[in-house]
Amino acid sequence: MGKFHLVDAPGGKLWNILSITVGGIVAISLGFLTSVYVATLHENDLWFSNIKEVEREISFRTECGLYYSYYKQMIQAASIQQGLHGLVYDNKTESVRTINILERMNVYQEVFLSILYRILPIQRLTLMAVFIATFLFSLTWQFNQFMMLIQALALFILDCLDMLPTAKKILNLESDEHIFKFLKAKFGFGATRDFDANLYLCEEAFGLLPLNTFSRLSSTLLFYIYGFVLFLLTVAAVIVAFRNLSGSNQVQLKEKMEEYTVTLKPDAAYSLVHTVLFGCLALSTMSKENGFSGDFYTKQFHWSTLDGNIDVAMKNNHSFTKKVSILRNHQQSEKTLQSIILNDSVFHHVEYRFKGAQQHHIQSSYELLDEHYINVMINGFLDYQFWPGIMDELSELREFYDPDTVELMNWIKSNTPNTAVFAGSMQLLAGVKLCTGRTLTNHPHYEDKNLRERTKQIYQIYAKRSPGDVHGILRSFGTDYVILEDSICYERRHSRGCRLRDLLDVANGHIMDGLGENEPDLKPSLYPRFCEEIKKNLPAYTMYFTRVFQNKTFHVYKLAKHK
């Protein structure tokens with residue numbers, strides 16, 4: 001008996017058009033609601049609409065502040081051409097150097113949005129403009145190479161298993177040196193004294209994924225569905241891979257298996273390998289769990305709503321991210337059989353071919369089952385489960401409060417020339433550039449080898465070095481002012497061995513402060529810690545540095561211009 005598809009039935013094409021239209025409207029509506037939800041959380045957390053401009057800018061921490069400063073620079077430029085020229089020939093982000101910001105930092109989204117802001121007659125950009133900008137961002141994101149690496153590995157594995165009949169795809173990637181050093185040190189294949197590697201290793205975000213992640217995910221039905229689907233597709237992949245690599249042709253296989261054959265479509269095989277690789281990446285490096293999280297919720301293997309076009313899943317607000325995911329599924333083709341229980345969710349990529357009356361019986365059963373009931377029930381369950389938590393989050397009201405940083409930024413704008421060059425921690429200097437527009441010696445965009453070496457040198461202000469050495473280092477980068485932070489100098493957040501001052505001591509060959517073991521070849525430093533000793537105003541320090549500002553958190557020193 002010939003194959004029967006629902007789309008071939010009378011009104012099938014109309015149903016497809018209606019499905020796509022309604023599904024698209026639902027997706028866009030939920031996306032809009034998600035943006036409102038996130039914006040409300042941001043407003044409630046910071047009282048963003050009522051705080052001062054400098055407080056708003058300070059709230060953009062680390063790299064966020066740095067990237068936003070380029071958007072602000074484009075907005076405030078006399079013209080778009082002048083703004084672009086300032087980014088291409090930038091000499092304020094890294095002192096005594098002229099760099100191309102577009103090439104180095106991939107701020108195309110910021111540039112795109114700033115141009116739209118200047119051109120459009122309205123202040124609020126259209127939703128489509130934001131979508132386009134987000135797409136551009138996804139192509140130019142500085143960590144996108146790691147996501148692309150996972151996809152390249154997935155394609156390579158499929159090609160090795162002969163599961164990718166289409167043309168081979170070649171992806172040329174260049175990974176940054178410090179990432180390799182971090183990975184080598186993390187897995188015990190490299191020197192552990194490397195400053196850059198230890199800087200990553202000591203951050204909790206780059207540690208192993210906590211085991212309680214799985215218990216948190218288990219509070220939703222999605223995790224169990226995911227595990228079940230993953231198991232089924234893995235079994236199917238093993239069968240298909242064994243068959244492909246065994247050298248058996250399709251004719252021989254059909255003679256051996258008259259009842260049915262199992263085939264795994266390339267897109268499903270890709271999804272399987274993709275999610276396994278992302279899972280391994282998340283287990284090894286916690287900061288990449290968002291990549292796995294997005295992959296986890298996308299790779300429900302097309303738990304479909306409205307004929308497999310739109311997939312909507314409510315994320316656990318206590319798991320990786322706190323938001324509703326609107327996930328776009330690609331249009332399916334060649335559906336020989338849908339599972340009666342899971343419909344599009346599992347077997348739409350694992351294809352079973354049955355013969356004769358058996359096929360007719362299952363096709364008829366498929367017609368009797370409304371394929372959307374299960375999706376509606378699951379989404380309804382998730383809504384019911386997480387609605388109280390969402391309401392609690394929306395009811396929490398806080399306010400931004402960082403008076404010491406506000407005082408520092410106001411002082412810099414009022415008491416230093418526009419051409420002044422500032423040195424300090426990467427995180428703080430990003431805020432200095434955004435709030436004051438002053439020139440920096442270093443910044444949080446850590447993907448440049450020269451900048452990493454420069455940052456290590458600047459951070460000698462927290463090491464055990466002589467005042468003359470520190471002054472010489474800072475002046476070599478054109479520094480006029482240096483900002484010292486008590487939170488770094490007297491750090492308590494990390495344990496011994498992972499404090500910034502400890503990393504610097506080890507990199508410099510010096511023993512660390514405090515009780516505990518030191519490697520035998522480390523030696524005591526001839527000088528005390530610079531950030532502590534400078535506060536005593538001793539002559540050996542005042543001849544190089546003059547304190548011009550201080551509060552409970554920050555100390556600013558002006559450097560003498562003499563050698």
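Colleague: At roughly what angle do the axes of helix α3 (residues 62–76) and helix α6 (residues 108–119) cross?

Modeller: First, the provenance. This is a predicted model, in which local features need pLDDT of at least 70 and side-chain atom pairs count only at pLDDT 80 or more, whereas totals for chains, interfaces and linings use all residues. Residues are numbered from 1 along each chain as its sequence is written, and side-chain values use heavy atoms, with hydrogens and water left out. Helices (H or I, at least four residues) and strands (E, at least two) are DSSP runs, numbered from the N terminus. Axes are lines fitted to C-alpha atoms, for helices over the stretch in contact, and angles between N-to-C directions run from 0 to 180 degrees. Here the axes of α3 and α6 cross at roughly 30° and come within 9 Å.

Colleague: Which word describes the relation of α3 to α6?

Modeller: Angles under 35 degrees count as roughly parallel, over 145 as roughly antiparallel, 65 to 115 as roughly perpendicular, and the rest as oblique. The helices α3 and α6 are therefore roughly parallel to each other. A crossing is left-handed if the near helix is turned anticlockwise from the far one by less than a right angle, and right-handed if clockwise. The crossing of α3 and α6 is right-handed. Contact means heavy atoms within 4.5 Å. On the α3 side it is made by Tyr67, Tyr71, Met74, Ile75 and Gln76, and the partners in α6 include Glu110, Leu113 and Tyr117.

Colleague: Where do the axes of α3 and α19 stand, in angle and distance?

Modeller: The axes of α3 and α19 cross at roughly 20° and come within 8 Å. These two helices are therefore roughly parallel to each other, and their crossing is left-handed. Among the α3 residues that meet α19 are Gly65, Leu66, Ser69 and Gln73, while Ala430 and Lys433 are among those on the α19 side.

Colleague: What is the relation of α18 to α19?

Modeller: The axes of helix α18 (residues 403–415) and α19 come within 10 Å and cross at roughly 50°. That makes α18 oblique to α19. The crossing is right-handed. Leu408, Met409, Ile412 and Lys413 in α18 meet α19 residues including Leu428, Val432 and Cys435.

Colleague: How many salt bridges does a search of the whole structure find?

Modeller: The search finds 18. In one of them, Glu94 pairs with Arg104, with the closest N and O atoms 2.5 Å apart. Glu94 lies in the loop between α4 (80–88) and α5 (101–105), and Arg104 in helix α5, 10 residues apart. Both residues are buried. Glu94 and Arg104 also belong to a network of salt bridges with Arg97 and Asp448.

A second pair is Arg475 and Asp480 (3.5 Å, N to O). Arg475 is partly exposed, with a relative accessible area of 27%, and Asp480 is buried at 15%. In a third, Lys536 meets Glu533 (3.2 Å, N to O). Lys536 is exposed at 53%, whereas Glu533 counts as buried at 14%.

Colleague: How many residues of helix α23 (residues 500–507) are buried?

Modeller: Of its 8 residues, 7 are buried, so the helix is mostly covered. The buried residues are Leu500, Arg501, Asp502, Leu503, Leu504, Asp505 and Val506. Their cover includes α10 (195–201), α20 (449–458) and α22 (486–489). Gly509, with a positive phi near 85°, follows α23.

Colleague: How many helices and strands are in the protein chain?

Modeller: There are 25 helices and 9 strands. Buried residues make up 47% of the 563 residues.

Notes: Buried means under 20% relative accessible area, exposed over 50%, partly exposed in between (1.4 Å probe, protein chains only). A salt bridge is a side-chain nitrogen of Lys or Arg within 4 Å of a carboxyl oxygen of Asp or Glu.
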